[in-house]
Amino acid sequence: MSGGDAFREYLAALLPRVETELDRLLPPAATPPATLHEAMRYAVFAGGKRLRPALVALGARAAGGDEDAVLAAGAALELIHTYSLVHDDLPALDDDDLRRGRPTVHKRYDEATAILVGDALLTLGLAALASEPAGIAADRRRTAVALVGEAVGSTGMIGGQVEDLAAERAWPDDPARALARIHRGKTAALIAAACELGALLAGADAALRTHLAGLGERLGLMFQIADDMLDQVGTTVSLGKTVGKDARAHKLTYPALHGLDESRAELDRLRREAAGVAASLPRAGDLFGSLIDYLASRDH
C-alpha cells in the first residue's frame, strides 16, 4: 500500500456516514424559505473531501473514543467550513465562479442568497455543536463551541482572511511573517480545531488535546502550501476551481514569495515534522501518518 492509501480507504469508508449526518442536520430543501435551504444543500453536497470530519473522527480515535459518537460534531464542522467557502467565493473576497467543478453559490443563485447561505451554515454548525452529540456531556459540548468559535473568529480564520485580502492591496514590510499568520489563521486554525475537537469530545486530557492541536496546525500549513502550489501548477478540471487566480490578484502565497522549489522544501519539512508528532501518538498514529503522506502528495 503506497503512502496515503490507508487514509484514502479510511476516508472512503467514513464518507457515507458523514453524508448521513450532514443530511440529518440540514433542513429539507422544501422547508420555508425553500430557496435558502435548497441553496444550503447545494453548497454542502457539492462533493467535498470531508477532511475536517475525518480529522474529528481521528482525534476521537487517538483519545480511545468512539468515532461514530463524534460524527455529528464532524458534520457540524463541515457546515462551518462550507460557510467559509461560500463567503470566500463572493465578489468582495476571492470572486470565483467555480467551486468543486460547478457554479459557486452566488453564481447559481445570487449574491444576497450566498451571503445568507454562509450565515445560515455558520449558525447551524455552531448550534449543532452545542447540542450534538446528545450522549456527550454538556460541559464538553460547551467547550467545543468555544474551541471552534475561536478557531473561526477574528483571531483565527476570519482574521487570516482579512490579512490575506489586505496583502492583495500591498504586501506588508515583513511578508514572510505576515504569510505565516495568514496560513495559520485562514486554514490551519480550523484544521487544528478539528483534530482537537474529536479528542475533547472523547474525554482526552489537556496534554493530548494540545498535542493533537499542534499536529493539526502542521497539517493545515501543509494543506495551504500545497493549495497555493496547485494554483500555479494544477488545472481547473482537476481542482474544480479557477487556477492562476492567486498570481492575477497579486496574493501573498508561499510560491509567490519563495518560489515552487522552496515551497516543496517547506512542505517536506512540515511533512517530516508532522510525521514525528503523529508517530508519538498512543493511537491512530498510523492513519495520521497516512494522512500526512496524502496531503504531501495531493494533486487536487
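A residue is called buried here when its relative accessible area is under 20%, and exposed when that value is over 50%, with partly exposed in between. Keep that cut-off at hand as we walk through this predicted model.

Let's start with Asp164. Its relative accessibility is 6%, so Asp164 counts as buried. Asp164 forms a salt bridge with Lys186, and the closest N and O atoms of the two are 3.1 Å apart. The bridge joins distant parts of the chain, since Asp164 sits in helix α8 (residues 157-169) while Lys186 belongs to helix α9 (residues 175-201), 22 residues apart. Lys186 has a relative accessible area of 22%, and is therefore partly exposed.

One more of them is worth a visit: Arg17 and Asp68 meet through their side chains at 2.6 Å, N to O. Arg17 lies in helix α1 (residues 5-25) and Asp68 in the loop between α3 (51-62) and α4 (71-88), so that the pair links distant parts of the chain, 51 residues apart. What about the accessibility of these two residues? Arg17, at 33% relative accessibility, counts as partly exposed, and Asp68, at 47%, counts as partly exposed as well.

Now for a contact of another kind, between two helices. The axes of helix α10 (residues 206-233) and helix α15 (residues 285-296) come within 9 Å and cross at roughly 20°. Because angles under 35 degrees count as roughly parallel, α10 is roughly parallel to α15. The crossing of α10 past α15 is left-handed.

Which residues of α10 and α15 meet? On the α10 side they are Leu212, Leu215, Leu219, Met222, Phe223 and Ala226, and on the α15 side Phe288, Leu291, Ile292, Leu295 and Ala296. Sorted by class, this contact has 11 nonpolar residues, with no polar and no charged ones.

Key
Residues numbered from 1 in each chain as written. Predicted model: local features only at pLDDT ≥ 70, side-chain atom pairs only at ≥ 80, totals over all residues. Heavy atoms only, no water. Salt bridge = Lys/Arg side-chain N within 4 Å of Asp/Glu carboxyl O. Helix = DSSP H or I, 4+ residues; strand = E, 2+ residues; numbered from the N terminus. Buried < 20%, exposed > 50% of the residue type's maximum accessible area, 1.4 Å probe, protein only. Axes fitted to C-alpha atoms, helices over the stretch in contact; angles between N-to-C directions. Parallel < 35°, antiparallel > 145°, perpendicular 65-115°, else oblique. Left-handed = near helix turned anticlockwise from the far one by under 90°. Contact = heavy atoms within 4.5 Å. Nonpolar A, V, L, I, M, F, W, Y, C, P; charged D, E, K, R; others polar.
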